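Keep the viewer open as you read.

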Amino acid sequence: MLRAVGYTRVSTGRQAQEGISLEVQSQRIAALCAEQGWELLDIYQDTDSGAKWERTALQGILARLGRDKRAVKPFDIFITYKVDRLARSARDFYEVLHRLEQAGVAFRSAVEPHFDTTSAWGKALLGIAAIFAELEGDQIRGRITAALHRKAEKGEWVGRPPLGYRLEGGLLFPDPQTAPFVQAAFTMLADEHLPSREVGRRLTALLGKGPTYGGFSATDVKRLCSNSVYVGDIPWNEERFPGKHEPLVDTALFARAQAVLATRMTRRRDRDSPYLLSGLLRCARCGGPMSGHYHSGTRNASGLRKINSIYVCAAHASSGQCAGSYLFTTKAERLLIALLGELYRSSASEIRDLPRISNSQPTREALESRLRTMPKNFERLIDMAARNVISNEELAAARKRFEKERAQVEATLHGLESPAVSVPQTRRRFRDLAALLRSSEVSVQRKRDLLAALIARIDWQRDGRDVTLTLTLRD
Ligand SMILES: [Zn+2]
């Protein structure tokens, strides 16, 4: 008899009454075990207070697992009431699944029968569902940002006023007490060429205390002296909108400060490597990973070298142990996108073979996705408050809205049954993944994360000019 353990997460406070109770979650887990003939060893429980979610019980369960599939396991199946009970982000979710996988423990969701890692398509779906949960989170974050964006567009300041200004009715006015210090900071940096740290030390002395922790750091000074609010802009993310306020420094001084900061800026390592398939793509000769490189070709008629970017066998590049293979990055990436589209079109029949999937309740999916994303949105607001983009009062108000909305969503969900993903929706998601890889809006780093969550390796073969890619999905 296979042995199972259950895992539930309950929200404390008001949601506990309106949300999905521990009893309901436990009953569903027990029912699944009874139905499948599994022995239910125990049900573990974590509480979630909203802002902070300590997954003590979950960590305890995972800590009991070994890293050898052949070793004796404390249990065979891990059951959670629902996937959203388990993790808040795709990253957390994969951490848990990966640990279970390492120990050879199967994962099941009590009310989402298609989340069954014992089937190959269940595994693929898990990956895709988690990826899109995260993407949907980004879209909601985008909407919050859009509201603040509109405010900035109108020339209004969002959040606490910057040093040197006071805020009245959404508009900035020079603060006669502190405005001179802002001008002094610019002069010290741009004309006296003082190090940022020294400017900070002097500002701290002049003002008595710093913006946050009682002192201006070098970073605070750099931030202050690169803030275009002081030349009359409302900076918002990467954009600058014309403000309605009076500038504190003239544009020439501001430009000199930017020039000083630019020359001092140390070259940051480019974390966003442009190579989408680094590590995923396998050498056609040795099967080892390939990495992206620039390759300067022969000189053309005007004496300029053409720069190509290619994937090269990493073993070949580092030690020459493999005779090596290479593939143009554009070709590899184009083929992958085509292959994803094809793969997902051809998978239609397998998707239909999955345990019964409902076609009728799009709202449930939307609700579940909101439940997963709301804590993230709130975390983003905490972040914004920490960076003084919004005030603590605004944060407190947002927190109330957040708690209320979550309670409502959980209560609505409680009334629904049957699983989330419909067949056409699933197929659309497959197609969306290919579209996402083509999008220039999504960073390469992000695309690489999404791909790595789904694909374990990509092998390729060359036959004359023809290149064939073979994908291995994560299992
Ligand atoms: Zn090789």
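What follows starts with the whole chain and then goes into a few local spots.

## Ground rules and overview

This is a predicted model, so local features need pLDDT of at least 70, side-chain atom pairs count only at pLDDT 80 or more, and totals for chains, interfaces and linings use all residues. Residues are numbered from 1 along each chain as its sequence is written.

The chain has 17 helices and 14 strands. Helices (H or I, at least four residues) and strands (E, at least two) are DSSP runs, numbered from the N terminus. Of its 475 residues, 28% count as buried. Buried means 20 or more other C-beta atoms within 10 Å of the residue's own, exposed means 12 or fewer, and partly exposed is in between, with C-beta atoms placed from the backbone. If you take the contacts between residues at least 6 apart in sequence, 64% of them join residues at least 24 apart. Two residues are in contact if their C-beta atoms, placed from the backbone, lie within 7 Å.

Two packed helices are described by the angle between their axes and the distance between the axes. Axes here are lines fitted to C-alpha atoms, for helices over the stretch in contact, and angles run from 0 to 180 degrees between N-to-C directions. Angles under 35 degrees count as roughly parallel, over 145 as roughly antiparallel, 65 to 115 as roughly perpendicular and the rest as oblique.

Start with α7 (residues 179–190) and α8 (residues 196–207): their axes come within 10 Å and cross at roughly 155°. The two helices are therefore roughly antiparallel. Their crossing is right-handed; that is the label if the near helix is turned clockwise from the far one by less than a right angle, while anticlockwise makes it left-handed. On the α7 side, F181, A185, M188 and L189 do the touching, and they meet S196, V199, R202, L203, L206 and L207 of α8. Sorted by class, that contact has 8 nonpolar, 1 polar and 1 charged residues. For the classes, Ala, Val, Leu, Ile, Met, Phe, Trp, Tyr, Cys and Pro count as nonpolar, Asp, Glu, Lys and Arg as charged, and the others, Gly among them, as polar.

## Where α9 comes in

Helix α9 (residues 218–225) packs on α7 at an angle of about 105°, with the axes 10 Å apart. So α7 and α9 are roughly perpendicular to each other. A185, F186 and L189 of α7 make this contact with V221, L224 and C225 of α9. The tally by class is 6 nonpolar residues, no polar and no charged ones.

α9 also packs with α8, this time at an angle of about 90° and with axes 7 Å apart. That makes α8 roughly perpendicular to α9. From α8 come S196, R197, V199 and G200, and from α9 come A218, D220, V221 and K222. This contact has 3 nonpolar, 2 polar and 3 charged residues.

## Two positive phi angles

Most residues other than glycine have a negative phi, and most peptide bonds are trans. H193 is not a glycine, yet its phi is positive, at about 55°. You'll find H193 in the loop between α7 and α8. Is H193 buried or exposed? With 10 other C-beta atoms within 10 Å, H193 is exposed.

The other case is G169, with a positive phi near 55° in the hairpin of β5 and β6, which has 2 residues between the strands. Strands β5 (residues 165–168) and β6 (residues 171–174) run antiparallel and are joined by 4 bridges; strands pair if DSSP finds at least two bridges between them. L167 stands opposite L172 in β6.

## Contacts across the sequence

A4 sits in strand β1 (residues 3–11). A4 counts as buried, with 24 C-beta neighbours inside 10 Å. A4 and F75 are 71 residues apart along the chain, but their C-alpha atoms are separated by 5.7 Å. Setting aside neighbours within four places in sequence, the contacts of A4 include C33, W38, L40, F75 and I77.

Further along, L339 belongs to helix α12 (residues 329–346). L339 is partly exposed, with 16 other C-beta atoms within 10 Å. Not counting residues up to four places away, L339 touches L469 and L471. Between L339 and L469, 130 residues apart along the chain, the C-alpha separation is 7.8 Å.
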